[in-house]
Amino acid sequence: MSRINDVGGMEGFGAVPVDNAEQPAFAADWEARVFALNSALLRRGVYNLDEFRDAVERMPPAEYLDASYYERWFAAITTLLDERGVLPRADLDG
Amino acid sequence: MSADHGDGALAARVRRAETLLEERGVVDGAELDAILDRYLATGSPANGARVVARAWTDAGFRDRLLADANAAVTELGFRAGGLQPTLLRAVANTAEVHNVVVCTLCSCYPIALLGPSPSWYKSEAYRSRVVRDPRSVLAEFGLTLPDTVRVEVWDASAETRYLVVPRRPDGTDHLDDDKLAALVTRNGLIGTAAV
């Protein structure tokens, strides 16, 4: 069964947001921190890349579609940290 | 950004996660800074452009690139791999075929050779449509292909990444590798531009 990320051929997403201007790698500083955090956690073996991808892909479809690219990353990271007991969701929620 | 919460709340939550992980000794801030510096310093479409320029001027290199891109790019000092080893495949445009690359599942992309991917590459609109109706998507990028040209769409994955080798523009016989590389754009390397 395909998951929400498997959008190839799907209809209804509209025009491609073409922007040929040079864009910075990250639109905001928090995106850069999310990227770096993920790299460090992968390197530490807290989870591997396939587990990370899976955590993005099993996001609830509505949340997936509503989230920006790095919001999805952060959602996946916090899911995996919670599941592995490294950073329980309750601690992050404070 | 989603409309539900501002960037501020999310930024604060990311900071909180980082702080808690540092307190627990899982990551450290200096390491994160170093990761970012390295990431931003390594990948650039200028790397892919140099590979293409060499392929235009050196037929032997072009053959090696199309046969085994991972090995060929090391001749220019590049490394195709990311966090995990991936197969790099170079696909060359000809008078008959135009290649374009997508990652329908997410955002797989040869970052070392192309730099960070543009946001449109990660959009659902591009990922969903370019496999079904590539010609109209390419037209939105300003690239209109004659009907006689076949479009081949390559779907990148966790294991395989693609680099398009555009056709060398006419009237560039006198240019050296540096000047040729300057003609090659990021979109040309993805296939959403002619060069």
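## Second largest pocket

In this predicted model, helices H1 and H4 of chain A each supply at least two residues of the lining of the second largest pocket. H4(A) gives the most to that lining, with three residues. The space in the second largest pocket comes to about 520 Å³. Its lining consists of 31 residues, and those closest to the centre are Gln23(A), Glu31(A), Pro118(B), Ser119(B) and Lys122(B).

Sorted by class, the lining of the second largest pocket holds 16 nonpolar, eight polar and seven charged residues.

## Cavity

One cavity of 30 Å³ or more turns up in a search of the whole structure. The volume of the largest cavity is about 30 Å³. Residues from chain A in its lining are Val56(A), Tyr64(A), Tyr69(A), Arg72(A) and Trp73(A), and Cys106(B) lines the largest cavity from chain B.

Helix H4 of chain A, residues 69–83, gives the most to the lining of the largest cavity, with three residues. The classes in this lining are five nonpolar, no polar and one charged. H4(A) also gives the most to the lining of the second largest pocket, again with three residues.

## Chain folds

Chain A has five helices and zero strands. Read from the N terminus, the elements of chain A follow the order α-α-α-α-α. A box of roughly 40 × 35 × 25 Å, taken along the principal axes, holds the C-alpha atoms of chain A.

Chain B, by contrast, contains ten helices and four strands. The order of elements in chain B, again from the N terminus, is α-α-α-α-α-β-β-α-α-α-β-β-α-α. The C-alpha trace of chain B spans about 60 × 35 × 30 Å along its principal axes.

## Interface area and contacts

The size of an interface is often given as the accessible area lost when the parts come together. Between them, chain A and chain B bury about 4800 Å², with 58% of it on carbon and sulfur atoms. On the chain A side, Val16(A), Trp30(A) and Arg33(A) lose the most area to chain B, and together they account for 13% of what that side buries.

Counted by residues, 56 of chain A are in contact with 55 of chain B.

## Polar interactions and interface elements

How many salt bridges are there between chain A and chain B? The count is seven. One salt bridge joins the side chains of Asp93(A) and Arg13(B), with an N to O distance of 3.0 Å. Polar contacts between chain A and chain B number 18 residue pairs, counting pairs with both residues at pLDDT 80 or more.

On the side of chain A that touches chain B, the elements giving two or more residues are helix H1 (29–43), helix H2 (49–57), helix H3 (61–66), H4 and helix H5 (89–93). H1(A) gives the most to this side, with twelve residues. The residues of this side of chain A divide into 32 nonpolar, nine polar and 15 charged.

Definitions and conventions
Residues are numbered from 1 along each chain as its sequence is written. Chains are lettered from A and ligands numbered from 1 in the order in which they are written. This is a predicted model: local features need pLDDT of at least 70, side-chain atom pairs count only at pLDDT 80 or more; totals for chains, interfaces and linings use all residues. Side-chain values use heavy atoms; hydrogens and water are left out. On a 1 Å grid over the protein atoms alone, a cavity is a set of points where a 1.4 Å probe fits but cannot get out, and a pocket is an open set with protein on both sides within 12 Å along at least five of seven lines; lining residues have an atom within 4 Å of a point. Grid points are joined across faces, edges and corners, and a volume is the space filled by probe spheres set on the points. Ala, Val, Leu, Ile, Met, Phe, Trp, Tyr, Cys and Pro count as nonpolar, Asp, Glu, Lys and Arg as charged, and the others, Gly among them, as polar. Contact means heavy atoms within 4.5 Å. Buried area is the accessible area (1.4 Å probe) that two parts lose on being put together, summed over both. A salt bridge is a side-chain nitrogen of Lys or Arg within 4 Å of a carboxyl oxygen of Asp or Glu. A polar contact is a pair of N or O atoms within 3.5 Å; within protein, one must be able to donate a hydrogen and the other to accept it, and residues adjacent in sequence count only if both atoms are side-chain atoms.
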